[in-house]
Amino acid sequence: MNSKKMKVTFIATIIASLVIIVTLFLPFASATESNRGQLLENSEYGSLADTGLTNEDLTDVSLFEYVRIYSYLAENEYTRTVAIICISTIIAFAFFAVMTFLFSILKKPIAIIIFDVLAMLDFLIIRFDYSSRGVVPSQSYNWGFANYIIFIFGLLVLAGAIVMLVGKRKKKE
């Protein structure tokens, strides 16, 4: 494989792994039409006192905002366990995403594959958890944009890492 194709693969893998990190800040859940209308009617009011989130902020909720929400809920002894588990799975996803990006920069295809797969599996666990508890999808929220692009870019990173691995092997021959 020529060096120009490897350079393009390298850059594409870095960009795709960066997008995986960005999904932490993209809408994970989007309010349904009826819920969005209610939230926007009272947009300036805070829904959860100490989180600093207004109703308008809750029309599209990212995983980063869910960490803020669950941090608030962790203060209550009845919701603490679930909140800590949710925060932990989101932090694990963030860690795996950052490690994928780091190893993309370092051109370490096996590590990229490992951390990319771990990030995608963790994201699936988050989705399963939210779905099984009726958080998303629900009468109030549907899946947001992040739920769709995460898998597209996760597969792009995986493909890029495989091409990089094959290119390294051929270069050694």
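View 1. The protein chain holds six helices and five strands, where helices (H or I, at least four residues) and strands (E, at least two) are DSSP runs, numbered from the N terminus. This is a predicted model, so local features need pLDDT of at least 70 and side-chain atom pairs count only at pLDDT 80 or more, while totals for chains, interfaces and linings use all residues. Residues are numbered from 1 along each chain as its sequence is written, and side-chain values use heavy atoms, with hydrogens and water left out. Follow the protein chain along its sequence and you read α-β-α-β-β-β-α-α-α-β-α. Its C-alpha trace spans about 65 × 30 × 25 Å along the principal axes. Of the 173 residues, 41% are buried; buried means under 20% relative accessible area, exposed over 50%, and partly exposed in between, with a 1.4 Å probe and protein chains only. Take the contacts (heavy atoms within 4.5 Å) between residues at least 6 apart in sequence: 70% of them join residues at least 24 apart.

**View 2. Inside the largest nonpolar core.** Nonpolar side chains tend to be buried together in soluble globular proteins. Here the largest nonpolar core has 45 residues. The term stands for a set of buried Ala, Val, Leu, Ile, Met, Phe, Trp, Tyr and Cys residues joined through side-chain atoms within 4.5 Å. Phe28, Leu63, Tyr66, Ile90, Phe93, Tyr130 and Tyr141 have the most contacts inside this core. Two or more residues come from each of α1 (3-22), β1 (27-31), α3 (63-73), α4 (80-105), α5 (109-132), β5 (141-143) and α6 (146-172). The biggest giver is α4, with 10 residues. Zoom in on Leu63 and, beyond its neighbours within four places in sequence, you find it in contact with Leu24, Leu26, Phe28, Ile90, Phe93, Phe123 and Ile126.

**View 3. Helix α1 against helix α4.** A pair of packed helices is described by the angle between their axes and the distance between the axes. For α1 and α4, the axes come within 9 Å and cross at roughly 165°. Axes are lines fitted to C-alpha atoms, for helices over the stretch in contact, and angles run from 0 to 180 degrees between N-to-C directions. The two helices are therefore roughly antiparallel to each other: angles under 35 degrees count as roughly parallel, over 145 as roughly antiparallel, 65 to 115 as roughly perpendicular and the rest as oblique. The crossing of α1 past α4 is left-handed, a label used if the near helix is turned anticlockwise from the far one by less than a right angle, with right-handed for clockwise. On the α1 side, the contact is made by Phe10, Thr13, Ile14, Ser17, Leu18, Ile20 and Ile21; on the α4 side, by Phe93, Ala97, Val98, Thr100, Phe101, Ser104 and Ile105.

View 4. Helices α5 and α6 pack at about 160°, with their axes 9 Å apart. That makes α5 roughly antiparallel to α6, and α5 passes α6 in a left-handed crossing. Asp122 sits in helix α5 and counts as buried because its relative accessibility is 8%. Not counting residues up to four places away in sequence, Asp122 touches Thr89, Ala92, Phe93 and Phe96. From Asp122 to Ile91 is 31 residues in sequence, and 9.9 Å in space from C-alpha to C-alpha.

View 5. Ser30 is part of strand β1 and counts as buried at 16% relative accessibility. Its side chain makes a polar contact of 2.8 Å with the side chain of Asp60. Such a contact is a pair of N or O atoms within 3.5 Å; within protein, one must be able to donate a hydrogen and the other to accept it, and residues adjacent in sequence count only if both atoms are side-chain atoms. Leaving aside neighbours within four places in sequence, residues in contact with Ser30 include Arg36, Thr59, Tyr141 and Trp143. Ser62 lies in strand β4 (residues 60-62) and is buried too, with a relative accessible area of 4%. Beyond four places in sequence, Ser62 is in contact with Leu24, Phe25, Leu26, Pro27 and Phe28.

**View 6. Backbone details in two loops.** In the loop between α5 and β5 you'll find Pro137, joined to Val136 by a cis peptide bond with omega of about -10°. Lys107 belongs to the loop between α4 and α5. Although Lys107 is not a glycine, its phi is positive, about 60°. Lys107 is partly exposed, at 41% relative accessible area.
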